[in-house]
Amino acid sequence: MTPLSSHTVGPFFPEAFIREGDNDLTRTTTDAPPSRRGTPIRLNGRVLREGGLPCINAILEAWQADAAGRFHHPADPEEAQADPEFLGWGRARTDAEGRYEFHTLLPGAFLDRAPHVNLLVMASGLMQPVATTLFFPEFAAANATDPVLALVPPSRRPRLFATPDNAGGYRFDIRLRGSADEETPFFED
Amino acid sequence: MAEDAPARFDPLPPGIAPIVPTPGYPSTFTHTPSQPLIRRPPGRGEITGPLALHRKLPCGEANLAEPIPGRPAVGQLIHIAGQVLDEDGRPIPDAVVELWQANAAGRYAHASDTRSAPLDPNFIGQGRVRTDAEGRYGFFTMRPGAYPVPGEAVWWRPPHLHFCVLGPASLSRLVTQMFFPGDPLNPLDHIFMAVPDAAARERLIARPLPPSEIGSGWLGYRHDILLRGRRATPVLA
């Protein structure tokens, strides 16, 4: 392996900070029972850099609404009805092939937003975390009117759709850097 | 969209975000997105975030300096404490603050750090705490050493601490670094100097506390962390 500075400059996010179960959005604590109020899904994919090479030890954080489209947070007027057993947040680390995996429930739509999962990626070579959003292709009507998706140039939108993998999962690769067609669209909030 | 979004999540003022890709830091040229970021107005999914995250991420490892009683780590004992504040200066209780750093020899206890500097069996260099009702956090730790960044033109990272703050909203999620006052390596660090605004860089530097206040046990520093706003602590992952 080429001794790129990515292997020496860090950031050396501690391995112990990510424990088994941290990538499970359906549990409020590591040993809590998972929420079953929705359709369990698995999100997985790879984090890739220029040239399509894997990003090892990248950290991903996911945040999403519960299956009914609510957030357990005071900024959601429907907080009281939010699923109390669903955390909606998880953290994962990529392996040597750049792979990550999350366990969650299919998120619900809310307001004018199509079902989606917000993802934050931190990795060596990124001076700032980058934010993207995963959409589900089966919600064609909601996707067609989603105001965030509408901000993305049409040619780049396909990069924001996960691909169903026939095993109860969705595949979503994140390309940090590439040509305009290859690169995942990232947002500034 | 997002009629329930408060106006307080203003865009960061210019001069705070680091320049990317970053000259002298080669992997930023292969990892930084080449396309412009797409600005989106904050909606319900962005102004919210996980609450009570300390239930998911166990907190309490505040003493990095002596993780096993009677077996202190090698180096200069320091105490770093401060408040996590929102952009209006209000304390943020129940934020999760994660700290990680190199040991006194500038080596991380991490499989990816393969440099030959010694590891300290009594120092892992990582901890996680939850802010109290006043937004306060604090860690005992060792002053980290500097370490070189190999390459065509070698440079050294000054002693620094990495902080992750998980606040009450996705928008206030912060990853940053803290530096020590007066270190001659600070102005030579490509990462520190990537923050364009000098005043913003100053907010990455801890303030030494007078030994007359602290006593003879350790050196004390204060480091407040502001999430977003005009005086935000710069992001530096």
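Strands E8 and E9 of chain B pair in the antiparallel sense over six bridges; two strands count as paired if DSSP finds at least two bridges between them. Strands (E, at least two residues) and helices (H or I, at least four) are DSSP runs, numbered from the N terminus. Within this pair, B:His160 stands opposite B:Phe179 in E9(B). The model is predicted: local features need pLDDT of at least 70 and side-chain atom pairs count only at pLDDT 80 or more, whereas totals for chains, interfaces and linings use all residues. Residues are numbered from 1 along each chain as its sequence is written, while chains are lettered from A and ligands numbered from 1 in the order in which they are written.

The pair belongs to an open sheet of four strands in chain B, in the order E4-E3-E8-E9, with antiparallel pairing. Strand E4 (126-130) and strand E9 (174-179) of chain B each have a single partner strand, so one side of each is left without a neighbour in the sheet. From one strand to the next, the twist averages 20 degrees, where axes are lines fitted to C-alpha atoms and angles run from 0 to 180 degrees between N-to-C directions.

Chain B also meets chain A. The contact takes 59 residues from chain A and 54 from chain B; residues are in contact if their C-beta atoms, placed from the backbone, lie within 7 Å. On the side of chain B that touches chain A, the largest share, four residues, comes from H2(B). Across the two chains, strand E10 (residues 187-188) of chain A runs parallel to E1(B), joined by two bridges. There A:Phe187 stands opposite B:Ile38.

The largest nonpolar core has 95 residues, of which A:Val47, A:Val121, B:Val84 and B:Val165 touch the most other members. Strand E8 (residues 160-166) of chain B gives the largest share of this core, five residues. Such a core is a set of buried Ala, Val, Leu, Ile, Met, Phe, Trp, Tyr and Cys residues joined through C-beta atoms within 7 Å. Beyond its neighbours within four places in sequence, A:Val121 is in contact with residues including A:Val47, A:Leu60 and A:Ile174.

In chain A, A:His103 lies in strand E4 (residues 99-105). A:His103 is buried, with 20 other C-beta atoms within 10 Å; a residue is buried at 20 or more such atoms, exposed at 12 or fewer, and partly exposed in between. Its contacts, leaving aside neighbours within four places in sequence, include A:Asn23, A:Asp24 and A:Arg42.

Definitions and conventions: Two residues are in contact if their C-beta atoms, placed from the backbone, lie within 7 Å.
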